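Subject: Structure for you to look over

Hi,

Here is the structure I promised. Please open it alongside this note.

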Amino acid sequence: MQNLIQIRKYSVCDYSIFKKMFTQYFTHDFNINLTDEQFQNICEHIEKQVLEKIQFVDLLILDGIVIGFINYQIDSPKSDWNFKETWGCIREVFIDLNFRKKGYATKLINHAETELRNLLVPGIYLTADSNFDFWIKMGYTNTGEVCAANNSNIFVSNAVLHNKN
């Protein structure tokens, strides 16, 4: 039986499921334990920036259940993250632990890349401190640079994008 996969934009009614996934993401993937209040503040900040169209959060839904999200943006002075102004940035990708290694992260990344290309960004980048082989398979190159803000390697997409003059 074919699973029904949908990717859709975040809306305010998704806050509780987003917060739950974001908490799992930081706690499990980064081994960062924050208080519930700290997670709430971070998620409220992200939601505010999503509503202001500074960041984008899209959800991956499998058979009606949200199992992942991707957070991306176009870097600008309005954002709390502005490393490569006018470039697209993939900030966070999360798939529920029970659904990993099935291609769902790839679907989210391809979706975000398409959305960013449609917004005519000159390039797409991300930072990573692990899973380098995954990002290389996704068509990214490790630049050898390290982002001072999070001490992670900077990867850029190999895709030819639009030239913004």
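Below are notes on the pocket and the nonpolar cores.

Keep in mind that this is a predicted model.

Pocket first. The largest pocket has a volume of about 1,200 Å³. Its lining counts 39 residues. Nearest the pocket centre lie Tyr25, Asp29, Phe30, Val93 and Asn131. By type, the lining residues split into 21 nonpolar, 10 polar and 8 charged.

Several elements build that lining. Helices H1 (15-29), H2 (36-51), H3 (104-118) and H4 (132-137) each supply at least two residues, as do strands S4 (88-95) and S5 (124-128). S4 gives the most, with 7 residues.

Now the cores. In soluble globular proteins, nonpolar side chains tend to be buried together. The largest nonpolar core here has 23 residues. Those with the most contacts inside it are Ile70, Ile90, Val93, Ile109, Leu126, Trp135 and Tyr140. Strands S2 (55-62), S3 (65-74), S4 and S5 each supply at least two residues of this core, and so does helix H3. H3 has the largest share, 6 residues.

Tyr140 is worth a look for its neighbours. Leaving aside residues up to four places away in sequence, Tyr140 touches Ile90, Glu113, Ile124, Leu126, Trp135, Phe155, Val156, Ser157 and Asn158.

Best wishes

Note on methods: Residues numbered from 1 in each chain as written. Predicted model: local features only at pLDDT ≥ 70, side-chain atom pairs only at ≥ 80, totals over all residues. Heavy atoms only, no water. 1 Å grid on protein atoms, 1.4 Å probe; cavity = no way out; pocket = protein on both sides within 12 Å on 5 of 7 lines; lining within 4 Å. Points joined across faces, edges and corners; volume = space filled by probe spheres on them. Helix = DSSP H or I, 4+ residues; strand = E, 2+ residues; numbered from the N terminus. Nonpolar A, V, L, I, M, F, W, Y, C, P; charged D, E, K, R; others polar. Core = buried A, V, L, I, M, F, W, Y, C linked by side-chain atoms within 4.5 Å. Buried < 20%, exposed > 50% of the residue type's maximum accessible area, 1.4 Å probe, protein only. Contact = heavy atoms within 4.5 Å.
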